[in-house]
Amino acid sequence: MKTKFYFLCIFILLMSASAHAQILERVLSNFSEIKNVSYNSTSINKDLFDDIYHFDTLKNLINQPKSDLSYRFIGKRSENIYDGSKLFSLQFSDSTYRISSKPESGHYYESLLYVFSRINDFLKTGKKEIQLKDSVVNNKSYAHLKLMVMDTVVKNKPVFTHLTLLIDKTTDLPYYYRNNSKGFVDGTNTYITAFDEYRFTDYLVDATQTEDLTKQLLPAYFSLEKPKVFVPLLAKGTALPETPIYNLDGEKIQLSSFKGKVLLINFTLNGCPHCVNSIETLNAFQKKYNNTDFEIVTINHSDNKEAILKYDKRFGIKYTTYTCDATMLKKYSVPSFPLFYIVDKNGKINSAHNGFSAKIGEQMAKEVEQLLR
């Protein structure tokens, strides 16, 4: 009897695993047969490098007759229209738009297309999802699935990506999607948390009359986004522009007060991935050259005092962060973040480095060492 019971358990587990896989495969298959679908969605996204949550609501339309995809997503800040050959991205903040030749996943990050792409990627791994007890929302039952995309331990910390889905058992369409992830920024010891949550409601599937996205007209008051004008970084030998900076108590400090020291000026902001990547290198500089004629002047123009203090504590920043007026970004030709200027003891630019990589960190270390000799 025990042997029979054992094989029965194995049979039930195998059948259960097969049923779970069939749910996801059926969801993808049924969606591929839909000609058009409109729906509303709400999203919550956590900034990777801050504990700031972003909320959005979108109206969405996806057309896919015979796999010829077109879509329209309208959110609070932007609108993306893909007509099958061109992507129109409208920015509401400045009433401009840009055109690109093909859609990229980033343009439908909060949509059904993104969720289905994550499901498809998971199925390709051959991993089995976990089917939890059905969830009931507004008296309606949903299949409750958990996808363990990754689950391991690195440097004694959990590193994982877990996806949670609620699937309508009648329509096979998602109602709820959630991504929980923790891990390290590539090549660093910086440990971060990612969180995304979407809810999809008010589905209308295969409407007899739907919007023809190939005949979309852009609003008359929108203008084509102007190409960014390249502004060269400050050249070697340029005298440091005299612009005040402010400590986090609001006290004004003149950069000329640092004359006689080698400066590493670092323009940064909290939501910048490469800025985070640079922290370990800058902390190492701070430790090595403490009590020498060297100073790191980190300048954050965008974030307020509370956000900066929280960010600096979270990532263990050992150097001082200042703020500045908007004019400083223009005077120092800041095109993106991070931007580094190395300044000699006479207050003249020695070099400029846009962005960050291990190679840039090594180059800056050599320059600082030479200037301090």
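Two strands are said to pair if DSSP finds at least two bridges between them. In this predicted model, strand β10 (residues 174–184) and β11 run antiparallel and are joined by 9 bridges. Within this pairing, Ser181 has Ala194 in β11 as its bridge partner. The hairpin of β10 and β11 has 6 residues between the strands, and Gly187 in that hairpin takes a positive phi near 75 degrees.

Strand β11 (residues 191–205) also pairs with β1 (residues 36–46), again in the antiparallel sense, over 8 bridges. Here Val37 has Val205 in β11 as its bridge partner.

## The seven-stranded open sheet

An open sheet is formed by 7 strands in the order β14-β13-β17-β16-β15-β18-β19, with mixed pairing. At its edges stand β14 (252–254) and β19 (349–354); each has a single partner strand, so one side of each is left without a neighbour in the sheet. From one strand to the next, the twist averages 30 degrees.

Strand β16 (residues 294–300) and strand β17 (residues 321–324) provide an example of parallel pairing, over 2 bridges. Thr298 stands opposite Thr321 in β17.

## A helix on the sheet

Helix α6 (residues 358–372) packs on this sheet. The strands that helix α6 touches are β15 (262–268), β16, β18 (339–343) and β19.

Note on methods: Residues are numbered from 1 along each chain as its sequence is written. This is a predicted model: local features need pLDDT of at least 70, side-chain atom pairs count only at pLDDT 80 or more; totals for chains, interfaces and linings use all residues. Side-chain values use heavy atoms; hydrogens and water are left out. Helices (H or I, at least four residues) and strands (E, at least two) are DSSP runs, numbered from the N terminus. Axes are lines fitted to C-alpha atoms, for helices over the stretch in contact, and angles run from 0 to 180 degrees between N-to-C directions. Contact means heavy atoms within 4.5 Å.
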